[in-house]
Amino acid sequence: MTKKAFIFDLDGVIVDTAKYHFLAWKKLANSIGVDFTEHQNEQLKGVSRVKSLEKILAWGNKDVTEDEFMELMAIKNDDYLGYIKKMDQSEILPDVLKILDFLGEKQQHIALGSASKNARMILEKVNILDKFEVIVDGNDVSKAKPNPEVFLTAARMLNCEPLNCIVFEDSLAGIKAANIASMVSIGIGDKETLKEADFVFKDFTEISTEFLNEIIKKNKH
Ligand code: B16
Ligand code: MG
């Protein structure tokens, strides 16, 4: 049987760092006189740091110089890292460890495909860095999701055909990226928002080992 590659997004799939992104972006936006709501934060899920700040400045109708832009990004990231430093294994989302261990026992490839430049640090903090054979994050790719670069890079590093890759994603951009790459896309979150995915589950507690066994056995086409 061909070995499959299971590629996990980080924020919203393994841990809920969106809440820390929200606090840090809100503080930054407010400091320059821009409002920032949780609804707007939703639109930053899976979006890179640069693109997130561009969106916030556009929402607030703010123009900044290139130097100011870089400084604002650094301030936000320092603030965000303050939250990350306090993370531990208790912040791993329900049943993520169970699924990682199951896939490990079944000797499947396990990779990370995240837009975050802080991905390695977060995996270290929650103590699961060693569960990933390959890590592709915001430092390794230049094209943001829905461009499939992040997932295709992981597939290439694992020497695995895209058709044999399965992506777990919480953002629509990430689901689109997986679909464009001809991978199996599994949405984690809201069924309506993620309806373009091949499968959608509210969270990992809804994913059975029977389902995973079927995915391991099955060919996409
Ligand atoms: P950083 P993911 C993404 O992570 C987040 O969803 C997104 O909100 C964030 O802006 C992006 O990482 C960049 O993060 O500032 O740490 O480089 O969902 O792709 O794992
Ligand atoms: Mg995500």
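Helices and strands are named here from DSSP runs, a helix having at least four residues and a strand at least two, and they are numbered from the N terminus. The model is a predicted one.

1. The loop at P146. With the elements named in that way, P146 falls in the loop between β3 (134–136) and α7 (149–157). The peptide bond that leads from K145 to P146 is cis, and its omega is near 15°.

2. V136 belongs to strand β3. Its relative accessibility is 0%, so V136 counts as buried. V136 and V150 are separated by 14 residues in sequence, and their C-alpha atoms are 6.3 Å apart in space.

3. Aromatic pairs. The count of aromatic pairs in the model comes to 10. One of them joins F8 and F168, whose ring centres are 4.7 Å apart and whose planes meet at 40°, so this pair is classed as tilted. F8 is in strand β1 (residues 5–8) and F168 is in strand β4 (residues 165–169), so the pair ties together parts that lie 160 residues apart in sequence. F8 is buried, at a relative accessible area of 0%, and F168 likewise counts as buried, at 0% relative accessibility. Ring pairs also link F6, F8, F132, F168 and F204 into a cluster.

4. The magnesium site. Which residues coordinate the magnesium ion (ligand 2)? The donors are D9 (OD), D11 (O) and D170 (OD), at 2.0 to 2.2 Å. Along the chain these donors of the magnesium ion follow the spacing D-x1-D-x158-D. D9 lies in the loop between β1 and α1 (18–31), and D170 in the loop between β4 and α8 (172–180); the two are 161 residues apart, and the pair links distant parts of the chain. D9 is buried, with 4% relative accessible area, and D170 is buried as well, with 14%.

5. The surroundings of ligand 1. Ligand 1 is surrounded by 18 residues, of which V47, S114, A115, S116 and K117 are the closest. Several polar contacts can be listed. A polar backbone atom of G46 is 2.8 Å from an oxygen atom of ligand 1. In the side chain of S114, an N or O atom is 2.7 Å from an oxygen atom of the ligand. A polar side-chain atom of N118 is placed 2.7 Å from an oxygen atom of ligand 1. Taken alone, ligand 1 exposes 470 Å², and the protein buries 98% of that area.

6. A charge over a ring. K76 lies over the face of Y80, at 4.4 Å from the centre of the ring.

7. Helix α2. Q40 is found in helix α2 (residues 38–42). At 15% relative accessibility, Q40 counts as buried. The side chain of Q40 reaches the backbone nitrogen of T37 at 2.8 Å.

8. L103 lies in helix α5 (residues 96–105) and counts as buried, at 0% relative accessibility. L103 and D67 are 36 residues apart in sequence, whereas their C-alpha atoms are 45 Å apart in space. D95 is in the loop between α4 (66–84) and α5. The phi of D95 is near 65°, a positive value in a residue other than glycine, and D95 is partly exposed at 26% relative accessibility. Q107 is in the loop between α5 and β2 (109–113). Q107 is not a glycine, yet its phi is positive, at about 55°. Is Q107 buried or exposed? Q107 is exposed, with a relative accessible area of 59%.

Key. Residues are numbered from 1 along each chain as its sequence is written. Chains are lettered from A and ligands numbered from 1 in the order in which they are written. This is a predicted model: local features need pLDDT of at least 70, side-chain atom pairs count only at pLDDT 80 or more; totals for chains, interfaces and linings use all residues. Side-chain values use heavy atoms; hydrogens and water are left out. Rings of Phe, Tyr and Trp (its six-membered ring) pair if their centres lie within 6.5 Å; planes under 30 degrees apart count as stacked, over 60 as edge-to-face and the rest as tilted. Buried means under 20% relative accessible area, exposed over 50%, partly exposed in between (1.4 Å probe, protein chains only). A charge sits over a ring if NZ of Lys or CZ of Arg is within 6 Å of the ring centre and within 35 degrees of the ring normal. Donors are N, O and S atoms within 2.8 Å of the metal (3.2 Å for Na, K and Ca); water is not among the atoms, so sites may look incomplete. A residue is near a molecule or strand if one of its heavy atoms lies within 4 Å of it. A polar contact is a pair of N or O atoms within 3.5 Å; within protein, one must be able to donate a hydrogen and the other to accept it, and residues adjacent in sequence count only if both atoms are side-chain atoms. Accessible areas come from the Shrake-Rupley method with a 1.4 Å probe; for residues, only the protein chains shown count as cover.
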